[in-house]
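Subject: Structure handover

Hello,

Please find the structure below, followed by notes on what was found in it.

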Number of protein chains: 2
Amino acid sequence: MKRILTTTLRTLPRRHTTLLRPLTNHSRIHNFHSTPPTPQDGAASSSSSSSSTNPQMAFPCLDALETRTSNLLNNHTPVKKFSSGSGPEPSYTTGPHLTYTSTSPLHLDWGGTLPTYTIAYETWGTLNNSASNAILLHTGLSASSHAHSTPSNPSPGWWEKFIGPGKALDTDKYFIICTNVIGGCYGSTGPSSIDPSTINKATNGSGEPYATKFPILTLLDMVRAQFSLLDNLGIEKLFASVGSSMGGMQSLAAGVLYPERVGRVVSISGCARSHPYSIAMRFVQRQVLMSDPNWSRGHYYSSIPPHIGMKLAREIATVTYRSGPEWEQRFSRRRADSTKPPALCPDFLIETYLDHAGEKWCLEYDANSLLYISKAMDLFDLSEDVMRDMRGRREEYAVRRDGGGGDGEDEGGRCTLTLPEEAYQEQEEEAETTATTTAAQEETSTRKPPKDLIEGLKPLQNHKVLVIGVASDILFPAWQQKEIVDALKEGGNGNVKHVELGEDVSLFGHDTFLLDTVNVGGVVGEFLRE
Amino acid sequence: MKRILTTTLRTLPRRHTTLLRPLTNHSRIHNFHSTPPTPQDGAASSSSSSSSTNPQMAFPCLDALETRTSNLLNNHTPVKKFSSGSGPEPSYTTGPHLTYTSTSPLHLDWGGTLPTYTIAYETWGTLNNSASNAILLHTGLSASSHAHSTPSNPSPGWWEKFIGPGKALDTDKYFIICTNVIGGCYGSTGPSSIDPSTINKATNGSGEPYATKFPILTLLDMVRAQFSLLDNLGIEKLFASVGSSMGGMQSLAAGVLYPERVGRVVSISGCARSHPYSIAMRFVQRQVLMSDPNWSRGHYYSSIPPHIGMKLAREIATVTYRSGPEWEQRFSRRRADSTKPPALCPDFLIETYLDHAGEKWCLEYDANSLLYISKAMDLFDLSEDVMRDMRGRREEYAVRRDGGGGDGEDEGGRCTLTLPEEAYQEQEEEAETTATTTAAQEETSTRKPPKDLIEGLKPLQNHKVLVIGVASDILFPAWQQKEIVDALKEGGNGNVKHVELGEDVSLFGHDTFLLDTVNVGGVVGEFLRE
């Protein structure tokens with residue numbers, strides 16, 4: 001095992017004015033280490049000294065959070081416009097972009113309405129005369145429309161190396177459009193946008209953000225909004241719909257919702273329906289965020305944002321973005337500074353990595369956008385029964401709207417819970433039902449896609465579809481991409497191309513789509529040229 | 001896809017006095033669903049009605065947390081003795097047990113000292129005259145010494161079905177001892193125990209809990225304490241050391257620390273060194289817990305415990321205890337009540353499952369115990385270089401203690417940070433270094449155990465060792481058990497038995513060791529009889 005012998009000194013935060021001890025070798029005991037740390041080295045120096053008393057542990061990471069809270073409170077800048085922010089990480093920033101504003105309402109899958117809405121977007125390449133070379137590029141959860149640099153915003157985009165002349169998305173041939181999703185915070189209408197219904201009521205006419213009065217969204221709602229932008233741009237049919245992660249889900253959804261308006265479909269590290277493990281991982285992130293007192297049930301826009309909850313949520317998310325084997329190679333068990341004693345604040349390199357990922361993010365993104373979009377991902381399921389329900393609900397909502405029935409106050413009030421009556425009881429008996437379990441496992445191991453999913457994907461049965469998965473992805477595991485492929489094939493599609501990148505090709509897990517210009521980018525470019 | 005049509009009503013919490021709408025079928029639209037939910041059904045009924053205004057979302061799960069905080073504040077019972085608690089989950093409760101108190105100090109690997117310490121333990125079976133039939137059973141992170149019911153505590157233990165006449169641990173043949181680990185909260189000395197150095201200072205002599213003045217612990221420290229108990233019981237040599245999860249780590253550690261005092265070694269779903277993914281998962285749990293304002297940097301014993309942080313930490317942990325495929329079978333995408341609109345509070349069955357797991361746990365276990373033991377797991381590494389460092393530090397600490405040098409105040413103060421000088425920079429260039437990466441990957445894919453680990457496990461080279469792993473375990477993945485096996489074999493051990501339970505045998509992931517009496521229990525029983 002390799003060790004890092006760092007001798008760096010750092011500026012210690014307030015309260016901690018002690019210095020690091022000089023490094024000296026004690027070859028008598030071991031030949032490459034410095035003095036063993038003082039017992040409970042991570043201690044406030046004010047503690048009394050006694051051989052039987054252990055000093056109070058120090059928590060510099062909590063000091064730092066408290067300092068940020070205090071600084072935010074003192075500066076007290078209302079956090080409203082995320083789209084104007086600029087941070088150190090190109091992927092999650094935005095800047096000058098185009099906008100399209102619809103004054104027709106967007107009626108959502110679960111009954112909410114956006115009376116007007118704006119879509120932030122950027123484009124690369126040139127739309128041809130027949131408007132037949134457009135590619136709609138869908139983003140992951142947290143990205144802006146800035147997939148690539150533009151003349152008005154030269155900073156690199158989140159897919160900078162995948163877009164350009166001769167690149168995977170070839171700007172010599174295609175007109176590429178990328179939008180910030182509805183619900184986002186980079187210029188498109190989302191929870192941080194002003195709720196127009198509050199403008200009339202407010203005396204000064206400025207209005208208040210939607211916050212958690214924003215309606216529940218689905219990925220299909222986001223896609224519908226994107227197609228109204230296409231209408232506005234005069235694009236009747238896309239050459240291709242392309243996306244990764246959440247964008248890989250939307251890319252399929254675009255084809256299913258508008259099969260006649262989509263040519264080819266590329267879905268990378270996505271799925272046709274969210275599975276319980278990824279729902280679980282997103283659920284814990286949301287619960288952690290919502291438990292930050294500064295979240296204030298979503299109404300933090302005139303105060304400070306829930307930066308601690310956001311940091312923690314991002315740390316959890318980051319665990320799912322890469323793979324264990326990659327971390328094994330990259331960090332192994334190395335500590336940030338092995339000359340110091342263990343600490344409950346970041347200590348191992350993997351911990352400082354997660355901590356840093358959370359730091360970069362905690363003020364970059366709108367907490368409510370995260371909640372709504374994350375939930376929309378959980379709700380995603382292209383199975384026919386779910387799609388049928390959705391169409392049914394939409395019809396009913398339309399009838400209600402036409403009938404002027406308002407939003408249903410006359411039906412005896414609203415339910416406020418989706419919790420079951422009884423707390424969920426763990427099924428302890430499972431341990432003994434080996435026979436039953438084995439039967440169910442056999443079914444799983446064959447993993448034939450359910451009939452409803454085959455049916456749900458049938459609108460794509462004549463499309464050329466490329467599905468890419470990554471074996472080291474734990475968030476969207478490779479069996480989910482295989483499920484898409486199998487469902488399409490079972491539904492009669494003979495034009496499905498499936499590429500699974502093994503652990504010998506990529507250990508970057510879910511993040512592979514952001515990094516691998518050869519094995520992802522190359523395959524996409526080839527598929528579009530075919 | 002199956003759906004659950006529940007029609008249950010539940011008592012709504014304070015603030016929400018609305019009723020659920022009656023279920024009616026609208027067969028015109030779809031033949032098995034009730035009325036589509038009112039737009040933004042999860043809304044407080046006080047909102048005004050307007051077709052363009054979406055009502056405020058309701059958060060009953062946050063209401064419930066606030067209610068608990070308020071109840072805890074009003075009752076204001078200082079939380080001190082966890083060992084007397086009794087909850088709904090046998091695994092994590094305790095009751096009458098034996099205790100052994102050492103008045104000699106326990107000197108810890110990182111320099112801390114427990115001037116005296118108590119070990120809670122329970123036993124089953126009878127120690128034979130030669131004291132040669134003892135099995136030391138090591139627990140997972142959160143379990144008490146109550147592995148099996150006893151005459152004085154008849155409630156079932158956490159390994160109830162694995163212990164008894166003719167069972168895996170056969171009480172007709174063996175004398176089985178299970179302890180609560182040092183650092184725990186079920187009767188053994190831990191952060192919730194009174195710090196003896198505070199008793200003299202306090203006027204009433206009652207003293208204060210260690211809290212975060214408790215010293216950093218290692219799993220080796222816990223094992224040393226266990227062996228002082230064995231000394232006290234007159235047991236010179238164990239017939240076997242047996243454990244699962246953290247206990248599987250300790251079981252190996254016992255053999256490595258005291259090779260001449262351990263006969264056979266059984267390590268189930270454990271590892272020889274923690275890897276970055278499991279460190280990451282435990283790190284985020286700790287950070288979430290430490291961010292609960294009620295944690296108060298560990299000093300919550302005279303106020304209310306950080307029940308929200310504990311609940312969240314347990315929800316995250318629970319994600320790692322089972323497997324995605326098991327959840328796919330068990331919960332799939334079913335919602336707790338599909339007649340209601342989506343909510344940010346628990347909604348899908350997997351979410352109510354996680355929520356319930358957190359609920360059961362949040363007041364059951366001591367937060368500081370979780371932090372210290374979780375950290376001890378991260379620090380675990382039986383590699384020879386790490387063990388050599390540990391021995392070196394221990395010698396130095398002993399020299400310091402003998403020399404009366406105190407805890408090193410004279411060395412220029414204490415450092416308080418293990419953070420690196422610069423925030424960790426993501427290595428963006430990796431995307432382009434395909435060649436290098438591939439070389440590194442090849443090395444990983446062969447996964448030869450590092451030389452230092454082979455060396456570190458050499459004390460076990462003549463022991464009979466059984467290593468069990470579970471393919472569906474994501475917390476202690478199967479390659480970690482294979483690493484133990486390979487390291488032992490490379491070190492010359494010809495008596496290693498390795499069993500890996502495939503996904504066709506168990507989808508229960510890490511929890512398999514608690515559940516599978518046949519494939520885990522059976523193999524253990526056989527190994528001990530051989």
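The model is predicted, and local features need pLDDT of at least 70, side-chain atom pairs count only at pLDDT 80 or more, while totals for chains, interfaces and linings use all residues. Residues are numbered from 1 along each chain as its sequence is written, and chains are lettered from A and ligands numbered from 1 in the order in which they are written.

Chain A overall

Chain A has 15 helices and 12 strands; these are DSSP runs numbered from the N terminus, helices being H or I of at least four residues and strands E of at least two. Among the contacts in chain A with a separation of 6 or more, 72% are between residues 24 or more positions apart; a contact means C-beta atoms, placed from the backbone, within 7 Å.

The sheet in chain A

Chain A holds an open sheet of 8 strands with mixed pairing, in the order 1-4-8-5-9-10-11-12. Two strands pair if DSSP finds at least two bridges between them. Strand 1 (98–102) and strand 12 (496–501) of chain A are the edge strands, each pairing on one side only. From one strand to the next the twist averages 20°.

Strand 9 (residues 238–244) of chain A is mostly covered, with 7 of its 7 residues buried. Strand 9 of chain A runs parallel to strand 5 (residues 134–138) of chain A, joined by 4 bridges, and Ser241(A) in strand 9 is the bridge partner of Leu136(A). Strand 9 of chain A is also parallel to strand 10 (residues 262–268) of chain A, through 6 bridges. With helix 4 (residues 246–257) of chain A, strands 9 and 10 of chain A make a right-handed β-α-β unit (right-handed: with the strands pointing away from the viewer, the path from the first strand over the helix to the second runs clockwise).

Helix 13 (residues 478–490) of chain A lies across strand 10, strand 11 (465–470) and strand 12 of chain A, at about 155° to strand 11 of chain A. Angles run from 0 to 180 degrees between N-to-C directions, and axes are lines fitted to C-alpha atoms, for helices over the stretch in contact.

Helix packing

Helix 6 (residues 307–321) of chain A and helix 5 (residues 276–290) of chain B pack at about 170°, with axes 10 Å apart. That makes helix 6 of chain A roughly antiparallel to helix 5 of chain B (under 35 degrees is roughly parallel, over 145 roughly antiparallel, 65 to 115 roughly perpendicular, the rest oblique). Residues of helix 6 of chain A that meet helix 5 of chain B include Leu312(A) and Ile316(A); on the helix 5 side, Met281(B) and Val284(B) are among them.

Within chain B, the axes of helix 6 (residues 307–321) and helix 8 (residues 349–361) come within 8 Å and cross at roughly 130°. Helix 6 of chain B and helix 8 of chain B are therefore oblique to each other. The contact includes Met310(B) and Leu312(B) of helix 6 of chain B, and Leu354(B) and Trp361(B) of helix 8 of chain B.

Regards

Note on methods. A residue is buried if 20 or more other C-beta atoms lie within 10 Å of its own, exposed if 12 or fewer, and partly exposed in between; C-beta atoms are placed from the backbone. Two residues are in contact if their C-beta atoms, placed from the backbone, lie within 7 Å.
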